[in-house]
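Colleague: I am new to this one. Please show me the structure, then let me ask about it.

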Amino acid sequence: MEVNEHKRKIANLCRFCGKTTKLKSAKAKGNFKNEFATGYGIVIEEDNDFIHPPCVCLSCVRHFYRLRDSASRGELTSSLSNTPCSWKPHTEESSCICNKKKGDQV
């Protein structure tokens, strides 16, 4: 798979959950760098543009806003019931989230 095609495929996936996003409602992952870091130990600045999607879906945006709100009240509940998707380098032949077809399980 060509690099540009791969970036196009991951462009509409959620950085956190891996599900397809609606681009109009998706937010840039950088808007939630503190929540990624404090809640899940993920440093967004270290993301690789060829591996990690650039945005977060509406469902995960809501999750991060709840996380942010609880942290601002001093409750710091990471709500680890939401587990982030694991993004790893892969070959074209390997089973990867960016090769999933609509309706496949993530």
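Some questions and answers on this structure follow.

Modeller: This is a predicted model, where local features need pLDDT of at least 70, side-chain atom pairs count only at pLDDT 80 or more, and totals for chains, interfaces and linings use all residues. Residues are numbered from 1 along each chain as its sequence is written, and side-chain values use heavy atoms, with hydrogens and water left out.

Colleague: In what order do the elements of the protein chain run from the N terminus on?

Modeller: Helices (H or I, at least four residues) and strands (E, at least two) are DSSP runs, numbered from the N terminus. The protein chain has 3 helices and 2 strands. From the N terminus on, their order is α-β-α-β-α.

Colleague: What percentage of the 106 residues of the protein chain count as buried?

Modeller: Buried means under 20% relative accessible area, exposed over 50%, and partly exposed in between (1.4 Å probe, protein chains only). Of the 106 residues of the protein chain, the buried share is 34%.

Colleague: Are helices H2 and H3 roughly parallel or roughly perpendicular to each other?

Modeller: The axes of H2 (residues 33–40) and H3 (residues 58–72) come within 10 Å and cross at roughly 75°. Axes are lines fitted to C-alpha atoms, for helices over the stretch in contact, and angles run from 0 to 180 degrees between N-to-C directions. Angles under 35 degrees count as roughly parallel, over 145 as roughly antiparallel, 65 to 115 as roughly perpendicular and the rest as oblique. H2 and H3 are therefore roughly perpendicular.

Colleague: Which residues of H2 and H3 make the contact?

Modeller: Contact means heavy atoms within 4.5 Å. H2 brings Glu35, Phe36, Gly39 and Tyr40. From H3 come His63, Phe64, Leu67 and Arg68.

Colleague: How many disulfides does a search of the whole structure find?

Modeller: A disulfide is a pair of cysteine sulfur atoms within 2.5 Å. The search finds 0. For Cys55, the nearest cysteine sulfur, that of Cys14, is 7.0 Å away. For Cys85, the nearest is that of Cys17, and the distance is 7.6 Å.

Colleague: Is Cys55 buried or exposed?

Modeller: Cys55 has a relative accessible area of 8%. That makes Cys55 buried.

Colleague: Which residues is Asn12 in contact with, leaving aside its neighbours within four places in sequence?

Modeller: Asn12 lies in the loop between helix H1 (3–10) and strand E1 (27–28). Asn12 is partly exposed, with a relative accessible area of 28%. Beyond those neighbours, Asn12 is in contact with Lys19, Thr20, Thr21 and Leu23.
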